[in-house]
Amino acid sequence: MSEQTPKASGLNRAKLYQLVLFPFNNGATNVYYILTSAYIAYYGGVLGLALVFASTMVTVMRLFDAVTDPIIGALIDKTNGKFGKFRPFMLTGNLIMIVSSFLLYFCTQLVPTTMMPVRYVLYVLFYAIYVIGYTFQTSVTRSGQTVLTNDPKQRPLFTVFNLVASMVGMGAIQFLAPILRANVGDYTTQDFFNVMIPLAMIISFALTILAMIGIWEKDRPEYFGIGGETQQKVKVKEYIALIKANQPLQRLMVAGAGCKLALAIATNTAVLCMLYGGMMGNYDALYLPMMILGYVFSAPFFVLTIRTSQKHGQKASLMRYVAVALVMYIGVLVLLLLWNPENPAFNLALYSMEGGFHLTINLYTILFILFFGIGYGAYYATADMPIPMVADCSDYETYRSGKYVPGIIGTLFSLVDKLVSSLSSTIVGMAAAAIGFTTTLPGGDDPFRPGMNWVVIILFCVVPMVAWAATLIAMKGYSLTGDKMKEIQAVNACRHDAVANGMKLEEAMEKWQTIDQLPEQYRA
């Protein structure tokens, strides 16, 4: 995986450490993503805010991204300073999130309860500042891939390294949260956030530094599209026309939104509290073991998705394993429909500590582990797969129009991604309110309430299954297959070298349009 310049080889390849480290930018933002999607509504309860307001604000603030995303995407495309195009946005974004999180979680509580309107205002204000920082950094995850590598054999590797990095960021919070809950305070207490937030800040900042090291050598003009340093600026009014013409990006937006919605809702802390706590009656004994089992089942799918992507393209890989998840969750759905709290044979059980440790596993649990584990492994391995595919859409745009606009391509995809994933918090909050949780979301110790099983069935199974179906429908017409991407990269590389040697971009675009028109060295 040695690095070669585009001019020397026709391909821009990354070194192994760059492929490993840069995805930690996604891990860094996923730390805050989990905090927001899973716990910020809980913190609204700590502040005494109405549950529906706190959970709905997650979606409202993502609507705010409708303004910030395109603006920041355009800023990335126009940036080419001393510190590169991408690194300034990574560092600045993380620092903004640190400051805004400190203000939100530690300063808002200082406002006395007699001034509740001020708490509401500060909650919204600090949250809005956080959104800006989050957009700064998360935009680079998608747009920065274009300079890292365009090798069709390497780019699928980004998926697995991105999944690992994502797991580090998300997993750190998911593992720490129940531990802190048991030793410091429940999710509904300020004590929990007093420990969790500083830990999250440190983890996210450390991952950001690693990601900056990963992209450092590639954050240079010679990797910025066909034109490099002479790349033409794109006017804001041209963006709409670019997106309308980029059909693969439109389909990928639907697929990415479906994958993200499925992951966001099915792994939501409140949903898992209702499933393992309210329904099954043993949150502490089920949550962590089931999460670990899910990660274990994900491991072989990481390998399978890479092999499939390298051999048949990322489209084929995404569709194949989303279909596996959809089929497996039919089994999960049937098991939850058969759940009977009065019959231990139809309830999840792993172990008991009464009278000493002993296993209590039954056939229902074994089947649940198999269906859930395989389904979770398949969809977790594909949840972030659309991210490296955004780079394919950006390269396609360069191939189609000659424009290098990874910032706007990435942020428009990110906009839809974030709107849909944030919708999960509102859906969960409204569903919880419908069964009586009006002041705070369900916790691990909350007992079963009438209707909770149907809320879990819909949120844990039905919604993700509908999202996966939408993904499969959208990707059926996705044109960027493995063979098509090989042609796109070869044509772009030939044009890049020609422009670097003095040819005008327009002439290069007209002269080389298909792979059979290229010199022999670009067809290999």
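This is a predicted model: local features need pLDDT of at least 70, side-chain atom pairs count only at pLDDT 80 or more; totals for chains, interfaces and linings use all residues.
Q: Which residues form one aromatic cluster with Phe372 and Tyr376?
A: The structure holds 36 aromatic pairs. Phe372 and Tyr376 belong to one cluster together with Phe175, Tyr295, Tyr329, Phe368, Tyr379, Tyr380, Phe460 and Trp468.

Q: How many residues apart in sequence are the parts tied together by Phe53 and Tyr120?
A: The ring centres of Phe53 and Tyr120 are 4.8 Å apart and the planes lie at 65 degrees, so the pair is edge-to-face. Phe53 is partly exposed at 26% relative accessible area, and Tyr120 is partly exposed at 25%. Because Phe53 lies in helix 4 (residues 51–78) and Tyr120 in helix 6 (residues 116–143), the pair ties together parts whose separation in sequence is 67 residues.

Q: How many disulfides does the count come to?
A: A disulfide requires two cysteine sulfur atoms within 2.5 Å. The sulfur of Cys273 has its closest cysteine sulfur in Cys461, 17 Å away, which is too far for a bond. Cys273 is buried at 0% relative accessible area, as is Cys461 at 0%. The count of disulfides is 0.

Q: Is Arg181 buried or exposed?
A: Arg181 is found in helix 8 (residues 155–183). Its contacts beyond four places in sequence include Tyr283, Asp284 and Asp445. The relative accessibility of Arg181 is 10%, so the residue counts as buried.

Note on methods:
Residues are numbered from 1 along each chain as its sequence is written. Side-chain values use heavy atoms; hydrogens and water are left out. Buried means under 20% relative accessible area, exposed over 50%, partly exposed in between (1.4 Å probe, protein chains only). Helices (H or I, at least four residues) and strands (E, at least two) are DSSP runs, numbered from the N terminus. Contact means heavy atoms within 4.5 Å. Rings of Phe, Tyr and Trp (its six-membered ring) pair if their centres lie within 6.5 Å; planes under 30 degrees apart count as stacked, over 60 as edge-to-face and the rest as tilted.
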